[in-house]
Amino acid sequence: MKIGIPRALLYYYYFPFWKAFFEALDMEVVVSEETNKGILNKGIKESVSEICVPIKLYIGHAIQLLNKEIDYIFVPRMVSIQSGEYFCPKFMGLPDMLRHGVKGLEGKIITCQIKSDSDDISAPENYYPMAEVLGVTKEQIQVAASVAREQWIGFRMFNKSGFTAVEAMKMIQTNDSLEVLLNNQQSSKPVLRIGLIGYVYNIYDPFLNMNIIEKLRELNVDFITFDMLEEAQLQEKIKDMEKTLFWTFSNKLLGAGLRLFHEPTIDGIIHLTAFGCGPDSFMGKLFEFESDQTGVPFMSIRVDEHTGENHLQTRIEAFVDMLKRKKFIA
Ligand code: SF4
């Protein structure tokens with residue numbers, strides 16, 4: 001059986017788990033191509049216009065998988081990975097949105113509910129509802145979930161040691177950490193270090209963000225993202241807040257941002273957000289307050305389906321220039 005996985009949304013956080021899971025069940029895993037204009041345009045065409053860009057992209061990726069002779073597209077219903085917190089509602093409604101809202105996807109979606117009290121989503125009960133469609137037993141699912149958990153832990157270990165999620169995936173897939181290390185070597189010691197705060201699907205999709213990671217590296221700027229931090233570090237600044245942001249990944253970003261504003265090695269913070277994201281509009285304001293209080297420079301970059309690359313390049317260069325002047329001249 002061929003299972004398609006869209007290269008979007010939590011692909012950049014859970015793909016190593018899902019790939020290992022389906023492969024352990026003797027399924028072939030097919031991933032949609034890297035985001036391109038065609039995928040984005042298809043997603044825009046099939047989505048309601050007011051929805052956020054990452055969901056439009058996800059829809060485009062799911063449609064793209066239809067060309068790859070897949071049997072099913074795996075679209076999990078992400079409900080919760082933290083006790084008392086939930087995913088953004090768009091994640092919870094994703095399987096229905098695709099199944100009932102996108103022509104050609106009826107009958108192609110396989111789903112299950114993911115509920116956990118931590119990032120570890122390996123509890124086999126999550127996946128039992130798919131057993132009949134996949135033609136496997138509960139015992140096989142238990143074994144596959146355990147194999148997948150090991151892969152995912154390896155991936156997160158590399159990610160938390162400072163590699164991007166994309167690099168960490170490559171490292172566990174090829175066992176070639178040296179090649180990734182050599183590719184990432186900057187020509188000289190980074191002159192600045194910034195916090196790059198954004199959801200994994202915004203910071204790691206080079207088409208959506210016009211390759212912000214490469215642009216920063218070319219400017220000799222080191223960066224840290226929320227997924228490079230431990231959960232305890234993400235919780236440190238928000239655990240005593242009277243009210244947080246409701247949605248789990250938004251809270252992870254908020255926790256990372258608030259922590260990095262107080263980190264002496266951080267020269268500035270960039271918040272990368274996508275057009276149409278409700279949770280990010282709150283978070284951006286909180287970061288502005290924190291920047292005012294700490295004096296750490298902050299810039300928000302919002303990407304949408306029309307953002308021009310020159311505009312992004314100019315803003316990043318100007319921000320980096322300002323940080324350099326602040327650090328070395330002021
Ligand atoms: S958190 Fe924001 S960007 Fe992510 S799915 Fe929800 S609305 Fe879209």
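Predicted model: local features only at pLDDT ≥ 70, side-chain atom pairs only at ≥ 80, totals over all residues.
Student: Which strands stand at the edges of the open sheet?
Tutor: The sheet has 4 strands in the order 2-1-3-5, with parallel pairing.

Student: In strand 5, what is the bridge partner of Ile73?
Tutor: Strand 3 covers residues 72-74 and runs parallel to strand 5. The two are joined by 2 bridges. For Ile73, the bridge partner in strand 5 is Ile109.

Student: What angle does the direction of helix 1 make with that of strand 1?
Tutor: Helix 1 (residues 11-24) packs on the sheet, where it touches strand 1 (2-5), strand 2 and strand 3. Its direction and that of strand 1 make an angle of about 175°.

Student: Which element gives the most residues to the side of domain 1 that touches domain 2?
Tutor: Domain 1 spans 2-157 and domain 2 spans 187-329, and their centres, taken over C-alpha atoms, are separated by 26 Å. The contact takes 23 residues from domain 1 and 21 residues from domain 2. On the domain 1 side, the elements giving two or more residues are helix 1, helix 2 (37-46) and helix 3 (53-65). The one that gives the most, with 3 residues, is helix 3.

Student: Why do helix 1 and helix 8 count as roughly parallel?
Tutor: Helix 8 covers residues 165-174, and its axis lies 9 Å from that of helix 1. Angles under 35 degrees count as roughly parallel. Helix 1 is therefore roughly parallel to helix 8, since they pack at an angle of about 15°.

Student: Which residues of helix 8 make the contact with helix 1?
Tutor: The crossing of these helices is left-handed. Helix 1 contributes Tyr12, Tyr13, Phe15 and Pro16. By class, the contact has 7 nonpolar, no polar and no charged residues. From helix 8 come Ala165, Met169 and Ile172.

Student: How many charged residues are in the contact of helix 13 with helix 14?
Tutor: The axes of helix 13 (residues 248-260) and helix 14 (residues 278-294) come within 11 Å and cross at roughly 10°. The contact is made by residues including Leu253 and Gly257 of helix 13 and Phe287 and Glu290 of helix 14. With 7 nonpolar and 2 polar residues in this contact, the charged count is 1.

Terms used. Residues numbered from 1 in each chain as written. Pairing = 2+ DSSP bridges. Contact = placed C-beta atoms within 7 Å. Axes fitted to C-alpha atoms, helices over the stretch in contact; angles between N-to-C directions. Domains from an automatic or database assignment. Nonpolar A, V, L, I, M, F, W, Y, C, P; charged D, E, K, R; others polar. Parallel < 35°, antiparallel > 145°, perpendicular 65-115°, else oblique. Left-handed = near helix turned anticlockwise from the far one by under 90°.
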